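This briefing covers aromatic packing, strand pairing and nonpolar cores. The sequence and structure come next.

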Amino acid sequence: MHEKTLSRKTVYEGLILNVDVLDVELENGKRSKREIVQHGVAVALIPQLPDGRFVFIRQFRKPMERICFEVVAGNCDPGETEDISAARELEEETGYRVQSLELLGPIFPSVGYCTERIDIFYAKVEPEPGDVSFDDDERIETVILTEEEMDAKIRANEIADAKTLAAWMLFKAKKV
């Protein structure tokens, strides 16, 4: 299966994403349109404290109009490797510093219309947080949970964020 791109037009250029409209030709010769959100690489972490508990965050998400429970995550800055981005995001959002990082794998949150790839990491972190350095428009609360508490939140449908659910599944499947 393959689609040949006949033309591409960028219809929106934003701070963290662009939107392209493509004219494509299908294998059977028919033509169609594809709307694609162009987004760079991002990272997400499952950070674990020395006592075995895990570090998560809560923040208000305007698209959902609600506070969301999530893994620590963020976009890679230009020229930054994924592991450096992961360590930076963790420290910025929670104050915790990475002792070691292990890549669990990539996820593609919405393959039907978005190019975003999120590399999921497991991190062993220092026991005490330092200072946070949120972006000016961020309000983030750190949440510390045991594995059992996280599993209970998932069973109770208290977590709806796809990257968080995928990251936790990768962690559980690989149990580093």
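A residue is called buried under 20% relative accessible area, exposed over 50% and partly exposed in between, with a 1.4 Å probe and protein chains only. Phe-54 is buried by this criterion, because its relative accessibility is 1%. The model is predicted: local features need pLDDT of at least 70, side-chain atom pairs count only at pLDDT 80 or more, and totals for chains, interfaces and linings use all residues. Residues are numbered from 1 along each chain as its sequence is written, and side-chain values use heavy atoms, with hydrogens and water left out. Helices (H or I, at least four residues) and strands (E, at least two) are DSSP runs numbered from the N terminus.

**Aromatic residues**

- Six aromatic pairs are present in the structure; rings of Phe, Tyr and Trp (its six-membered ring) pair if their centres lie within 6.5 Å, and planes under 30 degrees apart count as stacked, over 60 as edge-to-face and the rest as tilted.
- Phe-54 and Trp-168 form an edge-to-face pair, because their planes are at 85°, with ring centres 5.1 Å apart.
- This pair joins distant parts of the chain, 114 residues apart: Phe-54 belongs to strand 5 (residues 54–61) and Trp-168 to helix 3 (residues 162–174).
- Trp-168 is also buried, at a relative accessible area of 2%.
- One aromatic cluster is made up of Phe-54, Phe-56, Phe-69, Tyr-122, Trp-168 and Phe-171.
- The face of Phe-69 has Lys-153 over it, 5.3 Å from the ring centre; the criterion is NZ of Lys or CZ of Arg within 6 Å of the ring centre and within 35 degrees of the ring normal.

**Strand 9**

- Strand 9 (residues 117–125) is largely enclosed by the rest of the structure, because seven of its nine residues are buried.
- Strand 4 (residues 41–48) pairs with strand 9 in the parallel sense over eight bridges, where pairing requires that DSSP finds at least two bridges between the strands.
- In strand 9, Tyr-122 has Ile-46 opposite.
- Strand 8 (residues 98–107) pairs with strand 9 in the antiparallel sense, also over eight bridges, and Val-98 is opposite Val-125 of strand 9.

**Nonpolar cores**

- A nonpolar core is a set of buried Ala, Val, Leu, Ile, Met, Phe, Trp, Tyr and Cys residues joined through side-chain atoms within 4.5 Å.
- The largest has 21 residues, and those touching the most other members are Ile-46, Phe-56, Phe-69, Ile-120, Met-150, Trp-168 and Phe-171.
- Helix 3 gives the largest share of this core, four residues.
- A second, separate core has 14 residues, including Leu-49, Ile-57, Cys-76 and Ile-140.
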